[in-house]
Every structure is written in structure tokens, then in C-alpha cells.
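Biologist: I am new to this structure. Please show me how to read it, one feature at a time.

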Amino acid sequence: MKSIVIDRAGGTEVLKVKEMPDLAPRYGEMIVDVAYAGVGLVDILIRKGGFTDLFPFPVIPGLEVSGFVRSIGDGVEGFRIGQPVASMKLLELGGYATQARVTPQLTVPLDSLGGNLEMAEAAASIVNLTTAYFAVKQVNRMRQGDTVLVHAAAGGLGSFLGQIAKRFGAGKVLGTVGSQDKIKLAATLGYDELLLRSDFVNEVKQIAGLQGVDAVFDPVGGETRARSLELLRPLGQIVALGNASGGELAHQSNEIWLGNQSITGFNLGAYAMYDPVGVGQAAREALQLLASREVRSEVHGIYPMEDASEAHRLLESGQTTGKLVLQMG
């Protein structure tokens with residue numbers, strides 16, 4: 001099989017295509033012939049050495065794949081050879097390869113969803129859509145009519161958060177983006193309005209009024225998260241979904257206490273270690289919404305495996321909307 005291996009921390013030049021031995025399933029696992037692999041910010045952080053304590057070099061990046069079941073290990077039921085699937089490799093990575101080792105609990109049979117979900121779309125969507133679905137439904141427990149703010153609203157995760165919030169009854173969904181050219185995407189991604197992140201506090205106050213917003217979904221972190229506290233109404237909640245800014249600000253507990261506010265974290269990979277069955281069920285329900293076109297995906301581009309470096313460069317530029325995908329087969 002072919003894999004993209006990172007031997008050391010560095011720029012896009014460290015993404016190397018290498019021949020490796022074919023995989024054989026262990027007990028409770030399957031091997032998938034990978035058709036497509038999603039490209040995400042986590043892959044870039046791994047490439048730069050941000051998670052060497054969890055994923056030491058050499059490492060094959062990639063959190064999400066779609067493809068066809070190649071072989072099935074003992075103890076696995078409910079799948080068949082050749083079946084089209086999408087899977088989350090949250091616990092061990094390895095998606096940037098022509099073969100991937102997957103666990104049944106985190107794998108969704110695509111032929112069980114109905115509709116016509118394309119392989120590239122499934123790989124692009126499964127992690128971000130499941131994260132959005134779980135964050136809105138289980139973590140925030142959104143109520144009918146809530147006013148919601150989403151940061152990085154046109155990104156891979158944000159492009160689903162607005163739609164899922166609407167799906168679960170949000171009355172008004174606002175989003176922030178980093179550049180003017182992304183504002184035109186508002187209507188297609190479920191947002192009532194998209195705002196530039198450079199001045200979002202004043203604009204949200206004008207739209208939401210003195211009461212503020214019920215929930216903020218924030219993959220950006222840093223100063224953006226700190227300023228979002230100004231917008232939360234009493235009993236409002238910030239759901240921290242990442243730290244793309246790289247900034248880290250301490251929040252005064254007295255400020256949160258006296259403001260009757262909360263900041264809650266959600267990381268799909270870490271939660272999957274605790275409840276893989278629950279995460280897998282959420283993935284099935286989320287992909288069902290995509291297959292039935294109750295939500296839509298935004299695939300920015302599909303690149304051959306050998307052009308992984310270009311995909312990383314484009315994602316780092318901040319000029320993408322939705323998700324980038326590698327074609328592995």
C-alpha cells in the first residue's frame with residue numbers, strides 16, 4: 001500500500017509518499033481500501049509537531065476516510081467485503097493511505113443510509129458533521145428559538161454548525177468569517193447573517209440586542225473566545241471546539257460565576273475514547289441527514305494523494321471554505 005508518512009516536524013515538504021506493507025485486520029477490526037481521505041487543521045498541527053505526545057513520529061496523518069471494506073477481522077459483525085463505508089480514525093490516525101485500519105464502532109455503512117452520498121462527500125463530512133451534530137444536540141442541548149453565534153462559520157466545521165443549529169430549532173443563527181468574500185455563503189450554510197470576525201462584538205450586539213446570544217460555538221479560541229463572553233446572555237454557553245488561533249487566554253472564574261455563564265469543551269476524538277458506540281451512532285444519524293439532503297456539504301477541492309502538500313498549503317492560507325479531500329485510489 002501507499003501512505004503519506006511524516007518523519008519529522010516541519011513544513012509541507014515533510015509529507016512523503018512511501019510504499020508500506022499491506023495491512024491485515026486484528027481482532028475486532030476491519031481493513032478498508034481507501035478511496036478518499038479528509039484533510040483538516042489537526043493534520044497540519046500534527047505535521048508541525050503539535051501532538052507528538054499522542055502521535056509520535058513517524059506518523060500517517062488523517063482522521064477520516066471513505067472506501068470499501070477489504071478484509072474483516074474476527075469478532076466483527078454487520079459488515080461485508082466490498083461494502084462502501086466511511087470511518088473516523090480519531091484514536092490512531094492513518095487516513096492518508098490507500099489502506100486503513102478501522103474500528104466497526106466508528107464506521108458507517110454508506111449503503112444503509114439511502115439517498116446518494118458520494119464517497120468524497122462522506123470522507124469530507126463524517127468528522128466535522130458528527131462534531132457539529134453532537135455539539136448542538138448533546139453538548140448544548142439547543143432549545144427551540146435560541147439565538148446562536150458560530151465562529152469560523154465557513155470552515156469545515158462551521159459549514160455544518162449553522163445548518164445543524166437550524167435543524168434543531170435555532171431561531172437566529174449568526175456566524176463570523178475571516179474575510180469579506182466568504183460572507184456570500186451565508187444563505188447556503190444555514191446562517192441568517194455572516195459577519196467579519198474583526199468587529200463581531202459590536203455587530204452581534206446590534207443584531208441580538210441587549211439580551212445577547214444563547215450559545216456560541218467556537219473553534220477559534222484565544223481573543224475570539226474571550227470577547228464572546230460579552231455576548232452571552234445569563235445561562236448562555238460557549239462550546240469550545242478547537243483553538244485554531246493558537247492563543248490561550250485564562251478566564252476568570254468569578255466573571256463566569258457572576259455572569260451566570262458557562263464554557264464547555266467538546267473534542268470528538270477524546271470523547272470517542274470514552275463512548276465509541278455513542279459517537280458512532282451520532283455519525284450514522286448525522287450522515288443520514290446528509291444523504292437525505294437535509295443538510296449539505298461544502299467540498300472546496302479534491303486533490304490526488306501526491307498533492308497533499310498543496311492541500312496543506314491551501315488550508316493554511318485561510319482561503320478555503322468547507323473541506324479539502326485527498327483522492328487515495
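Modeller: Start with the polar contact: a pair of N or O atoms within 3.5 Å, where within protein one must be able to donate a hydrogen and the other to accept it, and residues adjacent in sequence count only if both atoms are side-chain atoms. This is a predicted model, in which local features need pLDDT of at least 70 and side-chain atom pairs count only at pLDDT 80 or more, while totals for chains, interfaces and linings use all residues. Residues are numbered from 1 along each chain as its sequence is written, and side-chain values use heavy atoms, leaving out hydrogens and water.

Biologist: With which side chain does the side chain of D214 make a polar contact at 3.4 Å?

Modeller: That of R143. A polar contact of 3.4 Å also joins the side chains of D214 and R233.

Biologist: Is D214 buried or exposed?

Modeller: Buried means under 20% relative accessible area, exposed over 50%, and partly exposed in between (1.4 Å probe, protein chains only). D214 has 9% relative accessibility, so it counts as buried.

Biologist: Where does D214 lie?

Modeller: Helices (H or I, at least four residues) and strands (E, at least two) are DSSP runs, numbered from the N terminus. D214 lies in strand 11.

Biologist: Which residues of helix 4 are buried?

Modeller: In helix 4, residues 200-208, they are F200, V201 and V204. Seen down the helix axis, they fall within an arc of 95° (taken from the directions from the axis to the C-beta atoms), so they line one face of helix 4. Just after helix 4, G209 takes a positive phi of about 80°.
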